[in-house]
Amino acid sequence: MSNMSTIHEVKNHVGESVRIGCWLHNKRKSGKIQFLQLRDGTGFIQAVVVKSEVSEDVWEAASKLTQESSLYVTGSVREEPRSKSGYELTVEGVEIIQITQDYPITPKEHGVDFLMDHRHLWLRAPRQRAILVIRAEIIRAIQQFFDDKGFQLVDPPILTPSSCEGTTNLFHTKYFDEDAYLTQSGQLYMEAAAMALGKVYSFGPTFRAEKSKTRRHLIEFWMIEPEMAFVDHEESLRVQEQFVSHVVQTVLKNCRSELETLGRDISKLEKIQAPFPRITYDEAVQFLQDTGHEFPWGEDFGAPHETAIAEKYEKPVFITHYPTGIKAFYMKPDPNRPEVVLCADMIAPEGYGEIIGGSQRIDDPELMEERFKEHELSSEAYQWYMDLRKYGTVPHSGFGLGLERTVAWICGLEHVRETIPFPRLLYRLYP
């Protein structure tokens with residue numbers, strides 16, 4: 001009796017007969033030989049059916065298979081250096097589960113809208129599978145990094161009574177008789193958690209009702225938000241660069257074949273090792289002005305500006321000390337220069353834009369009161385946040401990393417819509 005196996009595990013069964021549940025990805029016939037390209041979710045393998053070596057029934061069953069038909073195949077595993085997986089199956093038996101009729105996604109070119117309408121099937125394509133495997137590896141690497149460094153995973157709420165950074169881009173919903181919003185960041189809650197647990201991180205979905213149609217924007221995306229008590233801005237930057245290096249190096253180690261499927265230039269990723277370069281906002285503005293951009297001090301950078309700055313570096317670059325006026329109310333001003341804050345955005349290379357935003361947080365209760373007034377924030381809704389400064393305030397810092405932009409950069413993808421299984425985009429809520 002053949003052992004049930006997966007394509008990923010065939011390497012442990014060379015010379016043995018295995019049985020695999022799979023789908024037909026593609027096939028070609030050459031005279032009295034059929035070459036079946038099979039996939040089972042763990043990988044792809046070629047299975048060879050030789051007419052003279054199998055029964056008439058097996059040959060017939062193999063002949064009937066269409067794209068995405070499901071089957072159990074039994075065969076012996078042999079090493080095949082020419083194949084991408086390094087192994088091949090010599091077929092002994094084929095058991096059809098279902099013959100598929102008219103699978104919509106054929107090997108020809110399809111438009112993006114068509115593929116997005118069939119996203120539930122498009123996920124089966126080798127490229128989409130590779131992206132999702134890398135995404136899963138990135139998630140594992142993120143959790144491993146923080147777990148090994150003594151952080152506790154904390155889950156902030158998704159339904160919130162108010163917003164973290166003003167209420168413009170929030171999805172509004174009814175919470176029985178009250179107004180509620182879908183979270184756009186768990187950060188404020190993570191600050192409370194850090195005062196209880198020291199070092200914490202959250203990993204969950206966030207929602208922004210921005211009417212943005214760029215290749216960097218999703219409506220629903222996942223954020224990783226660490227928050228650290230007794231940690232200043234400088235130390236936070238060190239954690240960030242070690243963190244991103246760890247994630248990239250882990251993917252390089254464990255997802256080599258998926259990166260190759262995507263045609264990713266691996267040499268660019270190999271350079272991503274801490275420490276990362278840093279420039280101040282002032283230096284960035286000066287650089288933009290010197291290179292022909294009309295850019296006044298005090299404005300925020302757009303995508304073209306971030307790309308121009310990042311092009312000078314092979315690694316991600318930190319832009320630090322932004323003007324107080326364009327950053328969130330909770331960021332701590334630089335004591336030596338209060339018109340800028342102790343913050344940094346990490347800009348990925350190759351035009352992928354900001355992947356991390358972080359700062360030291362205001363810990364002075366009086367300054368926080370002032371900020372509340374300036375930003376017209378409801379002290380009623382945020383009383384609990386003020387309490388954190390009232391009862392044992394400490395210096396603390398944190399940051400947020402957007403998962404999908406990180407996936408896009410590591411995979412080298414043109415558009416963020418391929419980085420998540422079912423993207424939520426402006427005007428797209430199906431499937």
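Q: Why is the contact between Glu-241 and Arg-278 called a salt bridge?
A: A salt bridge is a side-chain nitrogen of Lys or Arg within 4 Å of a carboxyl oxygen of Asp or Glu. The closest N and O atoms of Glu-241 and Arg-278 are 3.7 Å apart, so the pair meets the definition. Glu-241 lies in helix α6 (residues 233-254) and Arg-278 in strand β13 (residues 278-280), 37 residues apart. Helices (H or I, at least four residues) and strands (E, at least two) are DSSP runs, numbered from the N terminus. This is a predicted model, in which local features need pLDDT of at least 70 and side-chain atom pairs count only at pLDDT 80 or more, while totals for chains, interfaces and linings use all residues. Residues are numbered from 1 along each chain as its sequence is written, and side-chain values use heavy atoms, with hydrogens and water left out.

Q: What makes Glu-241 buried, and which term applies to Arg-278?
A: Buried means under 20% relative accessible area, exposed over 50%, and partly exposed in between (1.4 Å probe, protein chains only). Glu-241 has a relative accessibility of 6% and therefore counts as buried. Arg-278 has a relative accessible area of 32%, so Arg-278 is partly exposed.

Q: How do you know that β13 pairs with strand β14 (residues 317-320)?
A: Two strands pair if DSSP finds at least two bridges between them. Three bridges, in the parallel sense, join β13 and β14. In β14, Phe-318 is the bridge partner of Arg-278.

Q: Why is β13 called an edge strand?
A: The order of the open sheet of eight strands is β7-β11-β12-β19-β18-β17-β14-β13, with mixed pairing. The edge strands β7 and β13 each pair on one side only.

Q: What makes strand β11 (residues 199-207) largely enclosed?
A: Eight of its nine residues are buried, so β11 is largely enclosed by the rest of the structure. Strand β7 (residues 152-153) runs parallel to β11 and is joined to it by two bridges; Gln-152 stands opposite Val-200 there. With strand β12 (residues 220-229), β11 pairs in the antiparallel sense over nine bridges, and Tyr-201 has Pro-226 as its bridge partner in β12.

Q: Why does the salt bridge of Arg-389 and Glu-191 tie together parts that are apart in sequence?
A: The side chains of Arg-389 and Glu-191 meet at 2.7 Å, N to O. Arg-389 lies in helix α12 (residues 383-390) and Glu-191 in helix α5 (residues 187-197), so the pair ties together parts that are 198 residues apart in sequence. Both residues are buried, and the structure holds 28 salt bridges.

Q: What makes Pro-431 partly exposed, and which residues is it in contact with?
A: Its relative accessible area is 24%, so Pro-431 is partly exposed. Contact means heavy atoms within 4.5 Å. Leaving aside neighbours within four places in sequence, Pro-431 is in contact with Met-116, Asp-117, Arg-119, His-120, Phe-422 and Arg-424. The C-alpha atoms of Pro-431 and Asp-117 are separated by 6.6 Å, although the two residues are 314 residues apart along the chain. Pro-431 is in the segment after α13 (403-411).

Q: How do you know that the peptide bond joining Tyr-430 and Pro-431 is cis?
A: Omega of this cis bond is about -5°. Another cis peptide bond joins Ala-274 and Pro-275, with omega about 0°; Pro-275 is in the loop between α8 (266-270) and β13.

Q: Why is the phi of Glu-68 pointed out?
A: Most residues other than glycine have a negative phi. Glu-68 has a positive phi of about 70° although it is not a glycine. Glu-68 is found in the loop between α1 (56-64) and β5 (70-79), and its relative accessible area of 5% makes it buried.

Q: Is Glu-376 buried or exposed?
A: Glu-376 has 72% relative accessibility and therefore counts as exposed. Glu-376 lies in the loop between α11 (365-374) and α12 and has a positive phi of about 50°.
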